Amino acid sequence: MSTVTIIIMKTSIVTLVGMRFIYSTSHEVLGFLKEFFDILKIEDYIMTDAEGAIFLPTLFEKNVISLSQQLEYFKQYKGKLEAKIGKERTKYVITNALFIVCAGTNDFIVNYYTVPIRRRSYDLHAYMDFLLKQVHQFMEDLLEEGARRIGVPGMTPIGCLPIVITLYSSNPITNRTCIESLSSVAKDYNIRLQKELYSLQLNHSKSGSRIAYLDSYTLMQDIVTSSSKFGFEVSDRGCCGTGMMEAAFICNRGSVICSNTSNYVFWDSIHPTERVYYLAVKAFRRTLDFIINR
């Protein structure tokens with residue numbers, strides 16, 4: 001039986017206003033990975049951030065973890081693993097681990113469009129260059145630490161997020177269609193991200209690295225625009241609260257929620273429901289097979 005460690009690094013690239021992530025989300029993804037990769041024994045699992053991530057000091061949010069700090073935690077984990085199973089076995093575990101690195105959405109929705117600090121310093125093209133430079137450096141650092149199998153989901157059509165529709169629709173109550181101008185930003189960014197990942201793959205191929213892009217954009221666009229085909233009834237608002245603005249920690253045990261989350265594409269105004277993650281793992285199966293070299 002093969003063994004794989006799954007390491008999920010879910011981040012904002014340069015978060016200034018740290019949007020919290022839902023901790024359970026990545027555990028749901030892990031469960032689906034176990035289901036689809038049933039011949040694998042999942043020996044270990046790390047999620048390096050439960051609360052988001054930053055490159056720069058946050059202005060309003062203290063409970064976020066910088067990418068540099070995530071790397072430090074990863075180094076600490078390696079040290080603890082070495083103490084437990086030895087240096088050679090640790091090297092084997094890290095080399096054969098599956099890393100999932102998610103980044104980008106908050107950097108546009110929050111840091112560029114909602115809080116205009118970045119827009120004062122960068123036009124859109126320059127901002128993409130800036131973010132991709134951060135992605136490149138983070139990936140290089142991860143590879144330096146021994147990572148060899150990395151999947152990077154692209155940005156989803158951010159104009160279809162319920163919170164974006166609420167903020168940018170001409171009438172957010174009656175007109176809940178996607179904001180195509182913002183989704184096109186994600187599409188353009190993904191094209192450049194793919195080129196960056198391809199370049200990284202070429203530069204590190206001799207070390208046995210497998211770096212692959214996961215097409216989240218096409219999947220989410222299909223789910224949102226053809227939701228009934230996938231068994232969803234609601235795609236323009238979340239299950240939590242009004243579904244139009246609430247997100248992350250605002251959705252908690254005290255929140256009013258829908259009666260059946262499986263009917264909704266989004267759990268809150270930003271994050272997808274469990275069924276969407278199930279569909280994502282299913283859609284990425286072939287690419288993940290390639291990354292882990294099955």
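Cys239 is buried, at 2% relative accessibility, where buried means under 20% relative accessible area, exposed over 50% and partly exposed in between (1.4 Å probe, protein chains only). The model is predicted, so local features need pLDDT of at least 70 and side-chain atom pairs count only at pLDDT 80 or more, while totals for chains, interfaces and linings use all residues. Residues are numbered from 1 along each chain as its sequence is written, and side-chain values use heavy atoms, with hydrogens and water left out.

**Disulfides**

- Three disulfides are found in a search of the whole structure, a disulfide being a pair of cysteine sulfur atoms within 2.5 Å.
- Cys239 is joined to Cys258 with an S to S distance of 2.0 Å; the torsion about this S-S bond is about -100 degrees, so the disulfide is left-handed.
- Cys258 also counts as buried, at 14% relative accessibility.
- Cys240 and Cys251 form a disulfide with sulfur atoms 2.1 Å apart, and its torsion of about -115 degrees makes it left-handed.
- Both Cys240 and Cys251 are buried.
- The sulfur atoms of Cys160 and Cys178 lie 2.1 Å apart in a disulfide, which is right-handed because its torsion is about 115 degrees.
- With the bonded cysteines of the protein numbered in sequence order, the pairing is 1-2, 3-6, 4-5.

**Aromatic pairs**

- The count is eight aromatic pairs, with rings of Phe, Tyr and Trp (its six-membered ring) pairing if their centres lie within 6.5 Å; planes under 30 degrees apart are stacked, over 60 edge-to-face and the rest tilted.
- Phe108 and Tyr189 form an edge-to-face pair, 5.5 Å centre to centre with 70 degrees between the planes.
- Phe108 belongs to helix α4 (residues 105–114) and Tyr189 to helix α7 (residues 180–204), so this pair ties together parts 81 residues apart in sequence; helices are DSSP runs (H or I, at least four residues), numbered from the N terminus.
- Phe108 is buried at a relative accessible area of 0%, and Tyr189 is buried at 1%.
- Ring pairs link a cluster that includes Phe108, Tyr189, Tyr122 and Phe130.

**Helix α2**

- Helix α2 (residues 67–85) has 19 residues and reaches 26 Å from its first C-alpha to its last, close to the 27 Å expected at 1.5 Å a residue, where the expected span is 1.5 Å times one less than the number of residues.
- Among the buried residues of α2 are Leu67, Leu71, Phe74 and Leu81.
- The face turned away from the buried side of α2 carries the exposed residues Lys80 and Ala83.

Notes: Helices (H or I, at least four residues) and strands (E, at least two) are DSSP runs, numbered from the N terminus.
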